[in-house]
Structures are given as structure tokens and as C-alpha cells.
Amino acid sequence: MFDPNSLIAAIAHSGDRVAFAKLFDHFAPRVKGLLMRGGASAELAEEVAQETLLSVWRKAALFDPAKASASTWIATIARNLRIDIARRETRSRLSQVYEILDEEAPEQPDETLSGAERDARVRAAMTHLSPDQYRVVELAFIEGFSHQDVADRLAIPLGTVKSRLRLALSHLRGRLEDLR
């Protein structure tokens, strides 16, 4: 009998490769189909399905069957990865637009200086954040992780990440109001 909860537990406790292979064989085609029904290409769905199952391997210890079923947990991982990929694609397109705009209008020396000053002011304002707020801002905005990835990395609930970010941004807004 296929029991995904025990397979995930085996992966979490002993890195059981056989359990992972069974889980992969069962869920990878289902995740791919789910993503394709959501409009993803076959290639993208295949890539996200593989990333999803790799995340299951890495995060198996975080799975709590009391919170969600294994299939719901895995589908949530797949959905979040798909969202992250969509965001990266949007950022990439935006950076291409900025590169084109930068090529058209070279930056003036005084603009470079004001940009450096602005960066220094933002970094100085960040030193007034609590260590918890500083860390979530650093991970989310400087290192570019999604809110869910920040929550996973810090082993805190997603709502806590959002609350810390909201408080930190409010604090920074107050300190940097004259930069607007």
C-alpha cells in the first residue's frame, strides 16, 4: 500500500533513497499534469515537477501530516515554485527593459553619486531594524528570496515573515521619507 506520509518520514529520518524513488514515481507525473492543466508548457511542467520533488527531498523534515496531507503539501510546493519562476521571468524582462533604457540614457556622474548616497542611507536605516526584521529584509530584498523561502530558511511561519517585513518597511519608510 502506498503511504506517502511514511515515505516522507523515511526520507526525513534516514535519507531513504528507495522511499524517495517511490514518492517521485507517484507524484512527479501528477505534479506535471497539474501544472500543465494550469497552463504551463510540458517542458516547464517537467522542470517544476523535478524541482518540486527535490524540494520534498530537502524539506522532508518540515512536513507535518497534522497540517496537510502529503499531496496537498507537495502541490503547495509546486505552486510556490511556479510562482517563483513567474516572478523571476518578470524580473528578467524588467531588467532587460532597464538595460535598454540605460543604454539610451547614460547615467550622469551626479546621478551615480546620489544613487550611492541613497544606498548608504538605506543601509544605515536598516541598522536600526531589529535583528529579526533585518534578516527578513535582507533575505527578501537583497538576496531575492520569496516570502515562503524566507519562512522556510528561518523556520518561521509565513505570516511572521510578512509581519516582520511590514513592520520593517514601515520603519524604513519613516526614516527615509525625504528620499521620495
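I take each helix axis as a line fitted to C-alpha atoms over the stretch in contact, with angles running from 0 to 180 degrees between N-to-C directions. I am working on a predicted model.

**Entry 1: helix 6 and helix 7**

I looked up residues 131–142, which form helix 6, and residues 147–154, which form helix 7. Their axes come within 9 Å and cross at roughly 130°. That angle makes helix 6 oblique to helix 7. I noted the hand of the crossing as right-handed.

Next I listed who touches whom. Helix 6 brings R135, V136, L139 and A140 to the contact. Helix 7 answers with H147, V150, R153 and L154. I sorted these residues by class: five are nonpolar, one is polar and two are charged.

**Entry 2: S146**

I then went to the loop between helix 6 and helix 7, where S146 sits. Is S146 buried or exposed? I found S146 buried, because its relative accessible area is 10% and the cut-off for buried is under 20%.

I checked the side chain of S146 for polar partners. One of its polar atoms lies 3.0 Å from the backbone nitrogen of D149. I also looked beyond the neighbours within four places in sequence. There, S146 is in contact with D84 and R87.

**Entry 3: helix 7 and helix 8**

I moved on to helix 8, residues 158–175. The axes of helix 7 and helix 8 come within 8 Å, and they cross at roughly 110°. This makes helix 7 roughly perpendicular to helix 8.

Which residues meet here? From helix 7 I wrote down H147, Q148, V150 and A151. From helix 8 I wrote down L158, V161, K162 and L165. By class, I have five nonpolar, two polar and one charged.

**Entry 4: helix 1 and helix 2**

Helix 1 covers residues 4–14 and helix 2 covers residues 17–37. I noted that their axes come within 8 Å and cross at roughly 135°. Helix 1 is therefore oblique to helix 2. The crossing here is left-handed.

On the helix 1 side, I found P4, L7, I8, A10 and I11 in the contact. On the helix 2 side, I found A19, F20, K22, L23 and F27. I counted classes again: nine nonpolar, no polar and one charged.

Methods:
Residues are numbered from 1 along each chain as its sequence is written. This is a predicted model: local features need pLDDT of at least 70, side-chain atom pairs count only at pLDDT 80 or more; totals for chains, interfaces and linings use all residues. Side-chain values use heavy atoms; hydrogens and water are left out. Helices (H or I, at least four residues) and strands (E, at least two) are DSSP runs, numbered from the N terminus. Angles under 35 degrees count as roughly parallel, over 145 as roughly antiparallel, 65 to 115 as roughly perpendicular and the rest as oblique. A crossing is left-handed if the near helix is turned anticlockwise from the far one by less than a right angle, and right-handed if clockwise. Contact means heavy atoms within 4.5 Å. Ala, Val, Leu, Ile, Met, Phe, Trp, Tyr, Cys and Pro count as nonpolar, Asp, Glu, Lys and Arg as charged, and the others, Gly among them, as polar. Buried means under 20% relative accessible area, exposed over 50%, partly exposed in between (1.4 Å probe, protein chains only). A polar contact is a pair of N or O atoms within 3.5 Å; within protein, one must be able to donate a hydrogen and the other to accept it, and residues adjacent in sequence count only if both atoms are side-chain atoms.
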